[in-house]
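Biologist: I would like a close look at one part of this model. Please start with the loop and its charge, then move on to the contacts elsewhere.

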Amino acid sequence: MNDIDRGQIYAFFQKNPERPWHLQDIQKELKIADRAWLRQELSSLMDEGKLVRARKRGYGLPQEMSLLRGGLLVAAGGYGGVVPDGGAAGW
């Protein structure tokens, strides 16, 4: 049993937004024994849109990760681009 809940995990990211955090570092900082449980909670936070997973397997807040939200537009020739939410394609 963990003495921490999903809200406390999210609060950790809000207090420490400066970089993506690796699973092991989160586990160490929050003193969580069960890594599988932590992975499940992080996955739930991602499903809720509160966290994203970076390329190098770090977790962070979407607004701190310089991400662009939108849809994928693919042309017949195989080229594509992102159409930002609320805006037009830039190509």
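Modeller: Start at Arg 57. In this predicted model, Arg 57 sits in the loop that runs between strand S2 (52-53) and strand S3 (58-60). Its relative accessibility is 52%. The cut-off for exposed is over 50%, so Arg 57 counts as exposed.

For paired charges, then, we turn to other residues.

Side chains of opposite charge can pair when their charged atoms come close. How many salt bridges does a search of the whole structure find? The search finds three.

Take Glu 41 and Arg 6. They form a salt bridge, and their closest N and O atoms are 2.8 Å apart. Glu 41 belongs to helix H3 (residues 35-47), while Arg 6 belongs to helix H1 (residues 6-15), so this pair ties together parts that lie 35 residues apart in sequence. Is Glu 41 buried or exposed? Glu 41 has 10% relative accessibility, so it counts as buried. Arg 6 has 30% relative accessibility, so Arg 6 counts as partly exposed.

Arg 6 also forms a salt bridge with Glu 48. Here the closest N and O atoms are 3.0 Å apart. This pair, too, links distant parts of the chain: Glu 48 is in the loop between H3 and S2, Arg 6 is in helix H1, and 42 residues separate them. With 41% relative accessibility, Glu 48 counts as partly exposed.

Glu 48 has another partner. Lys 50 forms a salt bridge with Glu 48, with the closest N and O atoms 3.5 Å apart. Lys 50 is at 33% relative accessibility, so Lys 50 counts as partly exposed. Which residues end up in one network? Arg 6, Glu 41, Glu 48 and Lys 50 do, joined by salt bridges that share partners.

Stay with Glu 48 for one distance. Glu 48 and Ala 36 are separated by 12 residues in sequence. In space, C-alpha to C-alpha, Glu 48 and Ala 36 are 19 Å apart.

Now the aromatic rings. Searching the whole structure turns up two aromatic pairs. Phe 12 and Phe 13 form an aromatic pair with 5.6 Å from centre to centre. There are 80° between the planes of Phe 12 and Phe 13. Planes over 60 degrees apart count as edge-to-face, so the pair of Phe 12 and Phe 13 is edge-to-face.

Phe 12 also pairs with Trp 21, at 4.9 Å centre to centre. With 65° between the planes, the pair of Phe 12 and Trp 21 is edge-to-face.

How covered are these residues? The cut-off for buried is under 20% relative accessible area. Phe 12 has 8%, so Phe 12 is buried. Phe 13 is at 1% relative accessibility, so Phe 13 counts as buried. Trp 21 is buried as well. Ring pairs link Phe 12, Phe 13 and Trp 21 into a cluster.

Phe 12, Phe 13 and Trp 21 make a cluster through ring pairs.

Notes. Residues numbered from 1 in each chain as written. Predicted model: local features only at pLDDT ≥ 70, side-chain atom pairs only at ≥ 80, totals over all residues. Heavy atoms only, no water. Helix = DSSP H or I, 4+ residues; strand = E, 2+ residues; numbered from the N terminus. Buried < 20%, exposed > 50% of the residue type's maximum accessible area, 1.4 Å probe, protein only. Phe/Tyr/Trp six-rings, centres within 6.5 Å; stacked < 30°, edge-to-face > 60°. Salt bridge = Lys/Arg side-chain N within 4 Å of Asp/Glu carboxyl O.
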